[in-house]
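Here is a short report on one protein chain. Keep the sequence and the 3D view at hand while reading.

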Amino acid sequence: MCGACGSSGQGNSEAPHIKQISELYRSYVAANRGQLPRDEATLKAYGKNLSPQLLEVMGIKDVDAAFASPRDSQPYTIAYGTSKSMGVVIAHERTGVDGTRLVATREGAAQEVEEAEFRKLASEK
């Protein structure tokens, strides 16, 4: 599946930021028997109720700040709803920078991909 795992994502210093959302999201799904978070408020409340130690393991210093990209300064687009609505991409930058976007996948990968690769990943189920 990893056509998007090219070298462009591995060296990006901002990719770990979207990994925070990936970790929080995956933790929520695991704790809720496969159910996706209903909305941003639900996922944030879950994160704010986790122990500081667990948040540290996830790389999260500030739950609220984890929901916005430091690259394009916009909130991440996150897949909320039912498990039927979950595709490969669980979170991504709305705009990105210089024709690339940071994406987080349901498998836990966080990477920078070019726009064409993003569109391909976003359409996969």
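## Fold of the chain

From one end of the sequence to the other, the elements follow the pattern α-α-α-α-β-β-β-β-α. That comes to 5 helices and 4 strands. The model is predicted. Of the 125 residues in the chain, 44% are buried. Among contacts between residues at least 6 apart in sequence, 49% join residues at least 24 apart. The accessible surface is about 6600 Å², and carbon and sulfur atoms hold 50% of that area.

## The sheet

The 4 strands form an open sheet, ordered β1-β2-β3-β4, with antiparallel pairing. β1 and β4 stand at the edges; each has a single partner strand, so one side of each lacks a neighbour in the sheet. In general, strands of a sheet pair through backbone hydrogen bonds.

β1 pairs with β2 in the antiparallel sense over 2 bridges. Here T77 stands opposite H92 of β2.

Helix α5 lies across β2, β3 and β4. The angle between α5 and β4 is about 120°.

The elements of this part of the chain are listed below.

| Element | Residues |
|---|---|
| β1 | 77–78 |
| β2 | 89–92 |
| β3 | 100–105 |
| β4 | 110–114 |
| α5 | 115–123 |

## Helix α3 and its cover

Now to the helical part. Helix α3 spans residues 40–48. Which residues of α3 are buried? They are T42, L43, K44, Y46 and G47. The cover over these buried residues includes α2 (15–31) and α4.

A side-chain oxygen of D39 comes to within 3.3 Å of the backbone nitrogen of A41.

## M58, a buried loop residue

M58 sits in the loop between α4 (52–57) and β1. Is M58 buried or exposed? Its relative accessible area is 9%; buried means under 20%, so M58 counts as buried.

What does M58 touch, leaving aside its neighbours within four places in sequence? M58 is in contact with Q20, E23, L24, S27 and L50. Q20, E23, L24 and S27 fall within the residue range of α2, 15–31.

M58 and S22 are 36 residues apart in sequence. In space, their C-alpha atoms are 9.0 Å apart.

Note on methods: Residues numbered from 1 in each chain as written. Predicted model: local features only at pLDDT ≥ 70, side-chain atom pairs only at ≥ 80, totals over all residues. Heavy atoms only, no water. Pairing = 2+ DSSP bridges. Contact = heavy atoms within 4.5 Å. Axes fitted to C-alpha atoms, helices over the stretch in contact; angles between N-to-C directions. Buried < 20%, exposed > 50% of the residue type's maximum accessible area, 1.4 Å probe, protein only. Polar contact = N/O pair within 3.5 Å; in protein donor to acceptor, adjacent residues only side chain to side chain. Areas by Shrake-Rupley, 256 points an atom, 1.4 Å probe, with all protein chains shown as cover.
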